[in-house]
Amino acid sequence: MKRFRFNQQEIVFAVFALLFLVFSIFLNGFLTAENMLTLLQNVAVLGILGLAMAIVVIGRGIDISLIAALAVPPGLVLQMVQNGHSLPFSLLIAVLLTIAFGLVNGWLIAYAEVPSLFATLATGLLLAGLGQAALFQLDVVQWSAGMNGFERLGQGTILGIPTSIVMFAMACIVVAFLLRQTRWGAYIYAIGDNPYAARVTGMPSRPIIVLQYVIAALIGCFAGLVMAASVNSMPTRVFNSTLIYDVILVVVLGGIGLSGGRGGVLNVIIGTLLIGTMLNGMTIMDISYAGQNLIKGVVLLLAVITDSFLNPRNEETAQQGDI
């Protein structure tokens with residue numbers, strides 16, 4: 001008799017479908033056009049950040065600084081335009097800042113061999129502090145006339161689909177192509193699976209690690225631009241929120257192993273759907289901020305424990321500082 005076995009992403013998708021059905025039946029205000037639009041917009045930013053984190057985690061790392069990349073460069077765009085600079089010039093400066101930030105992260109991890117958890121925690125604090133101390137005049141950088149038209153990135157529609165969802169879909173296609181169809185993507189999986197074997201076989205391990213963090217920072221900046229366009233401002237204090245834990249939840253619950261070398265874009269999509277639905281439902285139920293954090297903490301702990309069983313770390317390839 002044939003035995004059926006389900007993998008983690010199939011289980012998570014089934015949980016999402018069940019949760020969505022339960023919320024639709026028993027939660028007033030959940031299955032409305034307005035709430036579905038809000039859910040999709042929130043899921044878009046979370047999903048884009050999940051793609052950035054996935055690239056790093058597949059390569060056996062972690063990027064705690066993603067929220068700084070989401071907040072500071074896009075906030076700088078709004079601030080520079082507000083101060084009279086052109087939008088293209090402001091975007092160029094923000095992109096250059098993001099690339100420099102990713103290079104610093106990558107150099108610290110690949111060449112200075114600082115564990116990724118500590119390196120990105122420190123650089124994230126540094127970038128956020130730089131923004132608050134020197135770049136922004138207020139904690140919430142407001143929209144200005146020079147940004148007119150750019151809000152379509154987060155508020156418009158394409159063929160009736162919210163632009164933010166289209167941006168998420170485009171990011172999924174680009175990241176999927178990078179991971180599955182390019183040599184760089186193959187190197188990322190190889191390094192995540194066994195960094196020592198990858199180095200012995202002649203793969204450019206250190207440059208690829210740097211590339212991972214540069215790409216992650218750029219994707220984080222892109223998510224910030226979509227977020228800013230959605231709300232016509234950039235709340236730079238978002239760095240102090242628990243958003244980074246939501247991103248980690250998306251990646252881990254979706255089935256991307258923290259031990260590296262496993263997972264892909266589909267895992268991020270499934271994890272995003274589940275976490276986005278859960279967060280939206282808790283908001284409608286008016287669960288307090290502290291209560292939501294408690295629930296997310298329990299879910300994250302269970303997800304990490306589950307991941308340790310489903311994707312055990314190979315002790316022969318593990319190294320100090322690995323997550």
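Buried means under 20% relative accessible area. I keep that cut-off at hand for the first entry. The model I am reading is predicted.

**Entry 1: Ser233**

I looked up Ser233 and found it in strand S4, residues 233-235. Is Ser233 buried or exposed? Its relative accessible area is 11%, so I note Ser233 as buried. Next I listed what Ser233 touches, leaving out residues up to four places away in sequence. The partners are Leu78, Val140, Val141, Gln142, Trp143, Met227 and Ala228.

**Entry 2: H4 and H10**

Two packed helices are described by the angle between their axes and the distance between the axes. I looked up both values for helix H4 (residues 87-110) and helix H10 (residues 205-231). The angle is about 145°, and the axes lie 8 Å apart. H4 passes H10 in a right-handed crossing. On the H4 side, the contact residues include Leu91, Val95, Phe101 and Trp107. On the H10 side, they include Arg206, Tyr213, Ala217 and Leu225. I sorted this contact by class: 16 residues are nonpolar, four are polar and one is charged.

**Entry 3: the largest pocket**

I turned to the largest pocket, which holds about 690 Å³ of space. It is lined by 23 residues. Which of them are closest to the centre? They are Asn42, Met227, Leu243, Asp246 and Leu279. Met227 was also on my list of residues that Ser233 touches. Helices H2, H10, H11, H12 and H13 each give two or more residues to the lining. H2 gives the largest share, seven residues. By class, the lining has eleven nonpolar, ten polar and two charged residues.

How values were computed. Residues are numbered from 1 along each chain as its sequence is written. This is a predicted model: local features need pLDDT of at least 70, side-chain atom pairs count only at pLDDT 80 or more; totals for chains, interfaces and linings use all residues. Side-chain values use heavy atoms; hydrogens and water are left out. Axes are lines fitted to C-alpha atoms, for helices over the stretch in contact, and angles run from 0 to 180 degrees between N-to-C directions. Helices (H or I, at least four residues) and strands (E, at least two) are DSSP runs, numbered from the N terminus. A crossing is left-handed if the near helix is turned anticlockwise from the far one by less than a right angle, and right-handed if clockwise. Contact means heavy atoms within 4.5 Å. Ala, Val, Leu, Ile, Met, Phe, Trp, Tyr, Cys and Pro count as nonpolar, Asp, Glu, Lys and Arg as charged, and the others, Gly among them, as polar. On a 1 Å grid over the protein atoms alone, a cavity is a set of points where a 1.4 Å probe fits but cannot get out, and a pocket is an open set with protein on both sides within 12 Å along at least five of seven lines; lining residues have an atom within 4 Å of a point. Grid points are joined across faces, edges and corners, and a volume is the space filled by probe spheres set on the points. Buried means under 20% relative accessible area, exposed over 50%, partly exposed in between (1.4 Å probe, protein chains only).
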